[in-house]
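Let's take a walk through this model together. Have the sequence and the 3D view open as you read.

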Amino acid sequence: MFIFFFLAAFAAVALVGWVIHALTHPIQAGQGVLIFLCKAAGVIALLAAVVFWIGQGVLQAIPGFLFMAGFFFAANKLELRWRGW
């Protein structure tokens, strides 16, 4: 039970830190959120593809892997485009 309090406190401090950063550097924070969302979508697509692969087969998992590759490619391009990140 203690771990939940620790994780909640950690998330709260991280969120407050990000809000302060977003208020002082709005463009950089927006870029970071966009890159984070691309990476998060890539991880979700990877998990979905693995579940399809285990449950149904490789052919059904191919679209999920393609979406994952696309999201990670987009995040990589955004990171290269915005060097300050």
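This is a predicted model: local features need pLDDT of at least 70, side-chain atom pairs count only at pLDDT 80 or more; totals for chains, interfaces and linings use all residues.

**An aromatic pair and the helices around it**

Start with the aromatic rings: the count here comes to one aromatic pair. W53 sits in helix α2 and F65 in helix α3, so the pair ties together parts that lie 12 residues apart in sequence.

The chain's mean pLDDT is 84, and 95% of its residues reach 70 or more.

Now follow α2 along its length. This helix runs over residues 26-55, 30 residues in total, and spans 43 Å from its first C-alpha to its last, close to the expected 44 Å. Which of its residues are buried? They are A29, Q31, G32, I35, C38, G42, A45 and A49. These buried residues pack against α1 (2-24) and α3 (58-81). Just past the end of α2, G57 takes a positive phi of about 145 degrees.

Finally, look at the largest nonpolar core, made of five residues: I35, C38, A75, L78 and W82. The elements giving two or more residues to this core are α2 and α3. Zoom in on L78 and you'll find that, leaving aside residues up to four places away in sequence, it touches L34, I35 and C38.

Key
Residues are numbered from 1 along each chain as its sequence is written. Side-chain values use heavy atoms; hydrogens and water are left out. Helices (H or I, at least four residues) and strands (E, at least two) are DSSP runs, numbered from the N terminus. The expected span of a helix is 1.5 Å times one less than its number of residues. Buried means under 20% relative accessible area, exposed over 50%, partly exposed in between (1.4 Å probe, protein chains only). Contact means heavy atoms within 4.5 Å. A nonpolar core is a set of buried Ala, Val, Leu, Ile, Met, Phe, Trp, Tyr and Cys residues joined through side-chain atoms within 4.5 Å. pLDDT is the predictor's confidence in each residue, from 0 to 100. Rings of Phe, Tyr and Trp (its six-membered ring) pair if their centres lie within 6.5 Å; planes under 30 degrees apart count as stacked, over 60 as edge-to-face and the rest as tilted.
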